[in-house]
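Hi everyone, thanks for coming. Let's take a look at a structure together and go through a few of its parts.

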Amino acid sequence: MEPGRALTKLVRFDPEPVREDLPMGAALPETAPSRLFLSGNEAVALAVRDAGCRVAAAYPGTPATEILEELSRFPDLYTEWSVNEKVSLEVALGASMVGARAFCAMKHVGLNVAADALMTMTVTGTEGGLVIAVADDVGMSSSQNEQDSRFWARFAHLPLFEPADAQESYDMAREAFAVSERFRCPAIVRMTTRICHVKGRVVPAEREAHEPAGFVKDPQRWVMVPGHAKPRVALMYEREEALRASAQQSPFNVLVEGGDRRIGFVTSGPAYMHVRETFPDAPVFKLGQSYPLPLERLRAFAAGVDQLLVVEETEPLVESELRAAGIACAGKDVLPRVGELSPDRLRPAVARLRGEEVPASAQPRLVPQQVFPRPPTMCVACPHLGIYYTLAQLRNLTISGDIGCYTLGAGHPWNALDTCISMGASMGVALGMDKGRGPADAKKAVIAVIGDSTFMHMGMQGLLDITWNRGNVTVLLLDNRAVGMTGGQDNPGTGRDIHGESAQRVDFAKLCEALGVKKERIHTLDPYELPTLFKTLRDEIKVPEPSVIITDRPCVLIDDYKPTQPYKVIADKCTGCANCIDVGCPAIHVTRRETQVKPSGKEVELAFVRIETSACTGCGLCVQPCAPEAIVHALPEHPVKFLHAKI
Amino acid sequence: MTITNIAVCGIGGQGVMTATEILAEAALSLGFDVKKTEVAGMSQRGGVVTSHLRFGPQVLSPQIMPGEADLLVGFEAAEALRWAHMLKPGGVALVNQGRFVPPVVTIGLYDYPEDPIAEMRRLGLAVFDFDASALAMQLGNIRLGNTVMLGAMSDRLPFPADVLRKAVLDRFGTRKPELLELNREAFELGRAAVAQPAPAQAIA
């Protein structure tokens with residue numbers, strides 16, 4: 001479905017007669033009023049709009065991407081994709097300074113990028129309500145690390161909200177604006193994948209209008225030089241004490257009574273739902289506004305139960321604070337440190353804490369079956385396929401990688417990416433490898449691979465560092481005109497803004513030249529033309545200075561990509577050499593394998609192939625390494641006029 | 001408090017999430033509390049997609065735990081086997097026979113199971129299998145496979161098949177009215193495909 005559809009469509013309940021013999025015995029509830037069915041991301045977007053927010057900015061990042069995508073569909077406010085998270089937060093701060101309500105969203109690692117701005121805007125404070133939604137990828141479904149962004153709230157002494165479902169995502173995002181304005185500081189809404197991407201019913205509240213009051217010049221407040229900052233840091237600590245007092249009264253910090261007082265749970269976020277699901281009779285202190293902690297209420301709660309267990313994803317943050325306050329509790333000593341705290345992980349931990357046998361129902365009745373892994377792959381005809389096919393053919397390379405679809409080049413069959421750290425890191429890491437190498441790496445060429453959007457996010461500065469410091473690095477700048485991994489969003493290289501409207505388009509060749517790469521060391525080429533790619537790459541790695549090879553085919557998942565005539569394999573002509581398999585295209589399948597003994601006595605493994613013509617979009621990459629000309633256009637039947645790559 | 005748990009699995013691009021969304025809309029139309037969750041981080045790149053749908057009077061955790069699914073819907077045969085342990089005893093699996101062989105199998109690193117559906121039966125599961133793509137092609141449009149899958153589920157739900165059919169036609173029919181009749185037929189083909197008893201062989 002297209003995102004955003006749910007926001008515009010109220011799900012109206014239209015009860016129909018239900019037959020008597022319900023096969024699963026589900027009972028029907030009473031008819032509920034009209035409500036929305038939204039993901040946590042959609043709910044936050046709606047709340048931001050309903051709060052009268054004027055400016056919202058983000059850089060795409062799973063699992064938070066859809067928040068800005070949804071917001072961009074509302075005509076009521078200004079939205080933008082920013083070049084990175086730090087800029088997005090600064091844009092939001094500027095809007096707040098002039099009195100507008102402002103918002104930005106990011107994934108967990110995005111807040112690391114934005115932290116420089118965050119750690120000073122907590123000192124200046126804000127005017128118009130400023131809310132930051134940060135989404136932690138608990139369980140690491142699509143991130144390079146698992147981190148607990150709640151620490152940023154504590155580090156920056158800011159109020160923190162932790163919704164447990166879509167309704168709370170809406171309610172807390174609304175409340176976060178109010179709290180931000182009451183305490184004149186940013187407020188953080190911390191989500192996780194299990195909030196962002198879970199849909200549930202949401203009843204929205206009344207919309208409010210919010211007019212910006214106007215910028216008030218006040219250098220003591222907005223110009224953070226040491227003399228101005230010193231008194232404000234003291235104010236920040238005063239504010240934290242006021243926040244602490246208010247957390248005691250927060251409607252989101254609630255005690256849920258329960259008769260089984262052997263264990264009292266302190267929990268927040270999606271873990272609350274898992275706790276309630278698994279232990280419906282236990283008393284639970286649910287933290288919704290979880291920083292600063294309502295310590296005195298928690299102390300009273302602890303006094304009324306035999307044992308306290310803190311269930312939080314992912315770090316023992318609340319647990320540490322409780323212990324520091326002298327409140328005895330269990331937590332990560334019995335619960336897993338990594339990943340989600342789902343019911344099947346809670347049951348055995350709680351049983352151990354109670355000194356009981358692990359309940360049988362916690363064990364799955366069938367053991368999971370061993371099935372091949374299905375890692376994410378590059379798409380059929382992805383322009384990155386040709387890049388990694390070529391890199392895999394070259395020897396003596398060290399390939400410094402970056403974050404995007406092209407990180408998949410580290411996988412099979414290419415195995416042609418050696419590092420992946422953080423946005424833009426391919427540049428600095430490559431330079432460091434070049435400067436730090438000893439005899440062991442003297443003969444290896446250092447390559448950096450980076451995508452268009454990642455380059456503009458944080459890679460440009462790294463390239464500047466390479467040119468300024470005379471690094472010997474060959475940069476592959478894969479311009480596929482999209483932020484591919486997160487769903488094809490626009491960036492300054494696409495010539496379109498967040499609404500798809502025409503916008504200024506960066507010229508990568510000129511940009512690289514301006515950053516100090518010699519004009520003759522910059523090549524723009526077609527990644528579907530393997531011989532050119534191979535030759536250019538081989539030539540440039542021999543030149544001991546920075547070069548940039550820009551590839552310019554669009555992502556196959558965006559409208560710019562135009563499929564052409566598909567291919568098929570003539571089975572009789574296929575010799576089983578498997579060269580085409582090395583391209584890594586998912587449309588190529590093996591029909592049979594054979595072991596052939598050469599006259600020399602050497603055994604060769606053959607793999608005969610077919611092309612799934614219905615999936616093929618005709619990029620022609622597999623045609624080029626096929627020596628027997630077995631790959632031809634499916635319709636009409638004629639050989640393809642491609643030059644064969646001599647590689 | 002009775003909750004219905006439906007686990008839907010497949011690979012990126014097959015329409016797993018859309019199908020679950022439509023199921024959710026059907027349950028919502030009856031006034032159930034509904035939660036739907038999925039893990040599909042990089043599914044757009046051919047990875048594994050699972051979508052969990054839970055509905056009942058009140059749903060807390062959105063996740064179905066292993067051994068607790070009433071219904072397992074497999075859009076791909078090996079994926080159904082991968083998630084077979086989600087089913088509760090007595091649960092039912094509806095499985096598309098279609099296979100999507102990933103590059104790790106093509107390049108020879110792993111083997112695709114010889115007969116994933118037979119393996120599920122050996123585990124003692126009640127499996128209804130059918131070729132959703134072939135049924136869709138009977139109507140001349142491979143993209144109707146999703147509706148075939150939904151039709152197959154429709155008699156296994158705690159509400160009449162009509163409710164799901166209405167949700168399907170509301171979704172696909174409003175977008176392309178000319179496809180309304182085809183979707184109606186695809187839905188019925190899926191329904192008929194699993195009408196016969198499951199040829200299950202429980203092991204003692």
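Let's start with Asn41(A), which sits in helix 2 (residues 40–50) of chain A. Keep in mind as we go that this is a predicted model. Is Asn41(A) buried or exposed? It has 29 C-beta neighbours inside 10 Å, and a residue with 20 or more is called buried, so Asn41(A) counts as buried. Setting aside residues within four places in sequence, its contacts are Ala64(A), Glu66(A), Ile67(A), Glu70(A) and Cys196(A). Asp260(A), on the other hand, is 219 residues from Asn41(A) in sequence and 35 Å from it in space, C-alpha to C-alpha.

Now to the nonpolar cores. The largest one has 174 residues, and Ala92(A), Ala133(A), Leu72(B) and Ala93(B) have the most contacts inside it. Which helix gives the most to this core? That is helix 1 of chain B, with 9 residues. Beyond four places in sequence, Ala93(B) touches several residues, including Leu72(B), Ala84(B), Met120(B) and Val127(B). There is also a second, separate core of 77 residues, with Leu477(A) and Cys555(A) among them.

Finally, back to helix 1 of chain B, residues 16–29, and its partner, helix 7 of chain B, residues 161–175. Their axes come within 8 Å and cross at roughly 125°, so the two helices are oblique to each other. The contact uses Ile22(B), Leu23(B), Glu25(B), Ala26(B) and Ser29(B) from helix 1 of chain B, and residues including Val163(B) and Arg171(B) from helix 7 of chain B. By class, that contact has 7 nonpolar, 1 polar and 2 charged residues. The crossing itself is right-handed.

Methods
Residues are numbered from 1 along each chain as its sequence is written. Chains are lettered from A and ligands numbered from 1 in the order in which they are written. This is a predicted model: local features need pLDDT of at least 70, side-chain atom pairs count only at pLDDT 80 or more; totals for chains, interfaces and linings use all residues. Axes are lines fitted to C-alpha atoms, for helices over the stretch in contact, and angles run from 0 to 180 degrees between N-to-C directions. Helices (H or I, at least four residues) and strands (E, at least two) are DSSP runs, numbered from the N terminus. Angles under 35 degrees count as roughly parallel, over 145 as roughly antiparallel, 65 to 115 as roughly perpendicular and the rest as oblique. A crossing is left-handed if the near helix is turned anticlockwise from the far one by less than a right angle, and right-handed if clockwise. Two residues are in contact if their C-beta atoms, placed from the backbone, lie within 7 Å. Ala, Val, Leu, Ile, Met, Phe, Trp, Tyr, Cys and Pro count as nonpolar, Asp, Glu, Lys and Arg as charged, and the others, Gly among them, as polar. A residue is buried if 20 or more other C-beta atoms lie within 10 Å of its own, exposed if 12 or fewer, and partly exposed in between; C-beta atoms are placed from the backbone. A nonpolar core is a set of buried Ala, Val, Leu, Ile, Met, Phe, Trp, Tyr and Cys residues joined through C-beta atoms within 7 Å.
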